Amino acid sequence: NALKINPNLSEALIFRADIFVRQELYNEALNDYNNAILTNPKISHYYANRAAVYSIIGEYKKALKDTDIAIEIDPLNHLAIHNRAKCWERFGDVEKAIEGYSDVIILDPTNFMSFASRGMLYMKNGEWDNAINDLNKATKIKPDNDISYVYRSFLFLNIENYTNALNEANFAISLNGSSKSYAYYYRGIAKAALGQNGCSDIKKSMSLGFSVSEDAIKEFCQE
(Lines give C-alpha, C1' and ligand atoms only; values in the text may rest on other atoms or scores of the structure.)
Protein backbone atom coordinates (compact mmCIF):
# COMPACT_ATOMS: atom_id res chain seq x y z
CA ASN A 1 0.00 0.00 0.00
CA ALA A 2 2.87 2.38 0.79
CA LEU A 3 4.20 1.94 -2.73
CA LYS A 4 0.81 2.75 -4.22
CA ILE A 5 0.71 5.99 -2.25
CA ASN A 6 4.37 6.87 -2.91
CA PRO A 7 6.19 4.59 -5.39
CA ASN A 8 9.54 6.16 -4.42
CA LEU A 9 9.24 5.48 -0.69
CA SER A 10 12.63 3.92 -0.12
CA GLU A 11 11.89 1.79 2.95
CA ALA A 12 8.86 0.25 1.27
CA LEU A 13 11.04 -0.56 -1.74
CA ILE A 14 13.62 -2.18 0.52
CA PHE A 15 10.92 -4.19 2.31
CA ARG A 16 9.57 -5.47 -1.01
CA ALA A 17 13.09 -6.19 -2.28
CA ASP A 18 13.75 -8.33 0.79
CA ILE A 19 10.61 -10.32 0.02
CA PHE A 20 11.79 -10.80 -3.56
CA VAL A 21 15.13 -12.12 -2.26
CA ARG A 22 13.38 -14.72 -0.08
CA GLN A 23 11.42 -15.73 -3.20
CA GLU A 24 14.71 -15.91 -5.19
CA LEU A 25 13.42 -13.22 -7.57
CA TYR A 26 16.79 -11.50 -7.74
CA ASN A 27 16.21 -9.24 -10.75
CA GLU A 28 13.08 -7.83 -9.15
CA ALA A 29 14.95 -7.37 -5.87
CA LEU A 30 17.80 -5.54 -7.59
CA ASN A 31 15.35 -3.25 -9.34
CA ASP A 32 13.82 -2.24 -6.01
CA TYR A 33 17.22 -1.80 -4.35
CA ASN A 34 18.33 0.37 -7.27
CA ASN A 35 15.27 2.58 -6.95
CA ALA A 36 15.63 2.83 -3.18
CA ILE A 37 19.25 3.95 -3.57
CA LEU A 38 18.25 6.52 -6.20
CA THR A 39 15.64 7.84 -3.80
CA ASN A 40 17.91 7.85 -0.74
CA PRO A 41 21.60 7.29 -1.59
CA LYS A 42 22.99 7.81 1.92
CA ILE A 43 21.61 4.69 3.66
CA SER A 44 24.32 2.08 4.29
CA HIS A 45 22.15 -1.02 4.51
CA TYR A 46 20.60 -0.36 1.09
CA TYR A 47 24.02 -0.94 -0.49
CA ALA A 48 24.76 -3.84 1.85
CA ASN A 49 21.53 -5.58 0.90
CA ARG A 50 22.14 -5.03 -2.81
CA ALA A 51 25.69 -6.34 -2.39
CA ALA A 52 24.29 -9.51 -0.81
CA VAL A 53 22.15 -10.11 -3.90
CA TYR A 54 25.07 -9.41 -6.23
CA SER A 55 27.04 -12.04 -4.27
CA ILE A 56 24.24 -14.58 -4.63
CA ILE A 57 24.19 -14.17 -8.44
CA GLY A 58 27.99 -14.17 -8.70
CA GLU A 59 28.47 -10.47 -9.49
CA TYR A 60 31.33 -10.08 -7.01
CA LYS A 61 32.89 -6.94 -8.48
CA LYS A 62 29.58 -5.13 -8.16
CA ALA A 63 29.11 -6.60 -4.68
CA LEU A 64 32.54 -5.38 -3.60
CA LYS A 65 31.82 -1.87 -4.87
CA ASP A 66 28.54 -1.77 -2.94
CA THR A 67 30.13 -3.05 0.27
CA ASP A 68 32.80 -0.36 0.03
CA ILE A 69 30.12 2.33 -0.27
CA ALA A 70 28.10 0.83 2.58
CA ILE A 71 31.14 0.75 4.87
CA GLU A 72 32.12 4.28 3.92
CA ILE A 73 28.67 5.44 5.04
CA ASP A 74 28.63 3.22 8.14
CA PRO A 75 31.96 1.62 9.18
CA LEU A 76 30.09 -0.66 11.62
CA ASN A 77 27.75 -2.28 9.07
CA HIS A 78 28.26 -5.98 9.87
CA LEU A 79 26.55 -7.28 6.74
CA ALA A 80 28.65 -5.10 4.47
CA ILE A 81 31.90 -6.09 6.19
CA HIS A 82 30.98 -9.79 5.98
CA ASN A 83 30.04 -9.55 2.32
CA ARG A 84 33.21 -7.64 1.50
CA ALA A 85 35.19 -10.47 3.10
CA LYS A 86 33.20 -12.92 0.99
CA CYS A 87 34.18 -10.99 -2.14
CA TRP A 88 37.84 -11.05 -1.16
CA GLU A 89 37.50 -14.80 -0.61
CA ARG A 90 36.05 -15.23 -4.10
CA PHE A 91 38.91 -13.18 -5.57
CA GLY A 92 41.40 -15.53 -3.87
CA ASP A 93 42.69 -13.14 -1.20
CA VAL A 94 42.37 -15.54 1.72
CA GLU A 95 44.31 -13.48 4.25
CA LYS A 96 42.28 -10.35 3.53
CA ALA A 97 39.07 -12.36 3.77
CA ILE A 98 40.10 -13.81 7.14
CA GLU A 99 40.83 -10.28 8.31
CA GLY A 100 37.38 -9.16 7.17
CA TYR A 101 35.54 -12.00 8.91
CA SER A 102 37.61 -11.29 12.03
CA ASP A 103 36.48 -7.65 11.92
CA VAL A 104 32.85 -8.80 11.91
CA ILE A 105 33.47 -11.14 14.85
CA ILE A 106 35.04 -8.30 16.86
CA LEU A 107 31.97 -6.15 16.21
CA ASP A 108 29.48 -9.00 16.66
CA PRO A 109 30.77 -12.07 18.58
CA THR A 110 27.45 -13.86 17.89
CA ASN A 111 27.83 -13.77 14.09
CA PHE A 112 27.93 -17.51 13.44
CA MET A 113 28.31 -17.13 9.66
CA SER A 114 31.54 -15.17 10.00
CA PHE A 115 32.89 -17.83 12.36
CA ALA A 116 31.91 -20.55 9.88
CA SER A 117 33.35 -18.68 6.90
CA ARG A 118 36.61 -17.92 8.70
CA GLY A 119 36.80 -21.55 9.79
CA MET A 120 36.63 -22.70 6.18
CA LEU A 121 39.44 -20.34 5.23
CA TYR A 122 41.57 -21.59 8.11
CA MET A 123 41.02 -25.06 6.61
CA LYS A 124 42.32 -23.85 3.26
CA ASN A 125 45.44 -22.67 5.06
CA GLY A 126 45.82 -26.00 6.86
CA GLU A 127 45.22 -24.32 10.23
CA TRP A 128 43.14 -27.19 11.56
CA ASP A 129 43.00 -26.13 15.23
CA ASN A 130 41.84 -22.62 14.34
CA ALA A 131 39.34 -24.07 11.89
CA ILE A 132 37.71 -26.49 14.32
CA ASN A 133 37.66 -23.81 17.02
CA ASP A 134 35.73 -21.43 14.75
CA LEU A 135 33.34 -24.11 13.54
CA ASN A 136 32.65 -25.24 17.10
CA LYS A 137 31.80 -21.65 18.01
CA ALA A 138 29.51 -21.37 14.97
CA THR A 139 27.55 -24.48 15.95
CA LYS A 140 27.29 -23.28 19.55
CA ILE A 141 25.90 -19.91 18.45
CA LYS A 142 23.51 -21.38 15.85
CA PRO A 143 23.00 -25.09 16.55
CA ASP A 144 20.09 -25.43 14.09
CA ASN A 145 21.99 -24.21 11.00
CA ASP A 146 23.45 -26.97 8.87
CA ILE A 147 26.35 -25.12 7.24
CA SER A 148 28.71 -25.37 10.23
CA TYR A 149 28.19 -29.13 10.49
CA VAL A 150 28.79 -29.49 6.75
CA TYR A 151 32.04 -27.55 7.10
CA ARG A 152 33.08 -29.72 10.05
CA SER A 153 32.34 -32.84 8.03
CA PHE A 154 34.59 -31.50 5.29
CA LEU A 155 37.31 -30.74 7.83
CA PHE A 156 37.20 -34.26 9.27
CA LEU A 157 37.41 -35.71 5.76
CA ASN A 158 40.56 -33.67 5.17
CA ILE A 159 42.24 -34.98 8.33
CA GLU A 160 40.97 -38.51 7.59
CA ASN A 161 38.72 -38.75 10.63
CA TYR A 162 35.98 -40.46 8.68
CA THR A 163 33.78 -41.47 11.60
CA ASN A 164 33.44 -37.88 12.76
CA ALA A 165 32.96 -36.77 9.15
CA LEU A 166 30.08 -39.22 8.83
CA ASN A 167 28.50 -38.11 12.11
CA GLU A 168 28.67 -34.45 11.16
CA ALA A 169 27.14 -35.12 7.74
CA ASN A 170 24.37 -37.18 9.31
CA PHE A 171 23.48 -34.37 11.68
CA ALA A 172 23.59 -31.78 8.90
CA ILE A 173 21.19 -33.89 6.82
CA SER A 174 18.83 -34.25 9.78
CA LEU A 175 18.49 -30.44 9.91
CA ASN A 176 17.20 -30.43 6.30
CA GLY A 177 18.86 -27.11 5.59
CA SER A 178 20.09 -25.39 2.46
CA SER A 179 23.47 -27.18 2.40
CA LYS A 180 22.21 -30.74 2.34
CA SER A 181 23.59 -31.44 -1.14
CA TYR A 182 27.09 -31.00 0.30
CA ALA A 183 26.19 -33.04 3.37
CA TYR A 184 25.09 -36.01 1.23
CA TYR A 185 28.25 -35.81 -0.84
CA TYR A 186 30.52 -35.72 2.20
CA ARG A 187 28.54 -38.55 3.80
CA GLY A 188 29.03 -40.63 0.67
CA ILE A 189 32.79 -40.07 0.78
CA ALA A 190 32.95 -40.84 4.51
CA LYS A 191 30.96 -44.05 4.05
CA ALA A 192 33.23 -45.19 1.24
CA ALA A 193 36.31 -44.49 3.36
CA LEU A 194 34.79 -46.60 6.15
CA GLY A 195 34.13 -49.51 3.79
CA GLN A 196 30.44 -48.78 3.33
CA ASN A 197 28.53 -48.08 0.12
CA GLY A 198 28.32 -44.34 -0.41
CA CYS A 199 26.90 -44.41 -3.92
CA SER A 200 23.30 -43.57 -2.98
CA ASP A 201 24.48 -40.49 -1.10
CA ILE A 202 26.62 -39.35 -4.02
CA LYS A 203 23.63 -39.72 -6.34
CA LYS A 204 21.38 -37.93 -3.84
CA SER A 205 23.80 -35.01 -3.74
CA MET A 206 23.66 -34.85 -7.54
CA SER A 207 19.85 -34.81 -7.50
CA LEU A 208 20.03 -31.82 -5.14
CA GLY A 209 22.29 -29.90 -7.51
CA PHE A 210 25.78 -30.80 -6.32
CA SER A 211 28.24 -31.03 -9.22
CA VAL A 212 29.89 -34.46 -9.17
CA SER A 213 32.64 -35.40 -11.60
CA GLU A 214 32.46 -38.53 -13.75
CA ASP A 215 35.57 -39.83 -11.97
CA ALA A 216 33.85 -39.49 -8.60
CA ILE A 217 30.80 -41.38 -9.85
CA LYS A 218 33.05 -44.17 -11.15
CA GLU A 219 34.96 -44.27 -7.86
CA PHE A 220 31.97 -44.36 -5.52
CA CYS A 221 29.36 -46.04 -7.71
CA GLN A 222 31.14 -49.02 -9.14
CA GLU A 223 28.59 -51.42 -10.50
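Q: Is Ile 43 buried, partly exposed or exposed, and which number decides?
A: This is a predicted model. Ile 43 has 25% relative accessibility, so it counts as partly exposed. Ile 43 sits in the loop between α3 (26-39) and α4 (44-56).

Q: How many residues separate Ile 43 and Ser 10 in sequence, and what is their distance in space?
A: Compare the two separations. Ile 43 and Ser 10 are 33 residues apart along the sequence. Their C-alpha atoms are 9.8 Å apart in space. Ser 10 belongs to helix α2, where it is buried.

Q: Which other residues of α2 are buried?
A: Here is the general idea. An α-helix has 3.6 residues a turn, so residues three or four places apart point the same way. Now the case in this structure. Besides Ser 10, the buried residues of α2 are Ala 12, Leu 13, Ile 14, Ala 17 and Phe 20.

Q: Which residues of α6 are buried, and what covers them?
A: The buried residues of α6 are Ala 80, Ile 81, His 82, Asn 83, Arg 84, Ala 85, Cys 87 and Trp 88. Their cover includes α4, α5 (60-73), α7 (94-107) and α8.

Q: What does phi look like at Glu 24?
A: Start with the rule. Most residues other than glycine have a negative phi. Glu 24 is not a glycine, yet its phi is positive, near 60°. At 58% relative accessibility, Glu 24 counts as exposed.

Q: Where is Glu 160, and what is its phi?
A: Glu 160 has a positive phi of about 65° although it is not a glycine. Its place is the loop between α10 and α11. Glu 160 counts as exposed, with 57% relative accessibility.

Q: How is Ser 153 placed, buried or exposed, and what does it touch?
A: Ser 153 is in helix α10, residues 147-158. It counts as buried because its relative accessibility is 0%. Leaving out residues up to four places away in sequence, Ser 153 touches Ala 165, Glu 168, Ala 169 and Tyr 186.

Q: How do α11 and α12 pack against each other?
A: Read the angle and the axis distance. Helix α11 (residues 162-175) and helix α12 (residues 180-193) pack at about 150°, with axes 8 Å apart. An angle over 145 degrees counts as roughly antiparallel. Therefore α11 and α12 are roughly antiparallel to each other. Their crossing is left-handed.

Q: Which residues form the contact of α11 with α12?
A: From α11 come Tyr 162, Ala 165, Leu 166, Ala 169, Asn 170, Ala 172 and Ile 173. They meet Ala 183, Tyr 184, Arg 187, Ala 190, Lys 191 and Ala 193 of α12. By class, this contact has ten nonpolar, one polar and two charged residues.

Q: At what angle do α8 and α9 cross?
A: The axes of α8 (residues 112-124) and α9 (residues 128-141) cross at roughly 160° and come within 8 Å. These helices are therefore roughly antiparallel to each other. The crossing is left-handed. In the contact, α8 supplies Phe 112, Phe 115, Ala 116, Arg 118, Gly 119, Tyr 122 and Met 123. The partners in α9 include Trp 128, Leu 135 and Ile 141. By class, the contact has ten nonpolar, two polar and three charged residues.

Q: How many helices and strands does the protein chain have?
A: The protein chain has 14 helices and zero strands. Its C-alpha atoms fill a box of roughly 65 × 35 × 30 Å along the principal axes.

Q: What share of the protein chain is buried, and what share of contacts is between residues 24 or more positions apart?
A: Of the 223 residues, 47% are buried. Among contacts with a separation of 6 or more, 44% are between residues 24 or more positions apart.

Methods: Residues numbered from 1 in each chain as written. Predicted model: local features only at pLDDT ≥ 70, side-chain atom pairs only at ≥ 80, totals over all residues. Heavy atoms only, no water. Axes fitted to C-alpha atoms, helices over the stretch in contact; angles between N-to-C directions. Helix = DSSP H or I, 4+ residues; strand = E, 2+ residues; numbered from the N terminus. Parallel < 35°, antiparallel > 145°, perpendicular 65-115°, else oblique. Left-handed = near helix turned anticlockwise from the far one by under 90°. Contact = heavy atoms within 4.5 Å. Nonpolar A, V, L, I, M, F, W, Y, C, P; charged D, E, K, R; others polar. Buried < 20%, exposed > 50% of the residue type's maximum accessible area, 1.4 Å probe, protein only.
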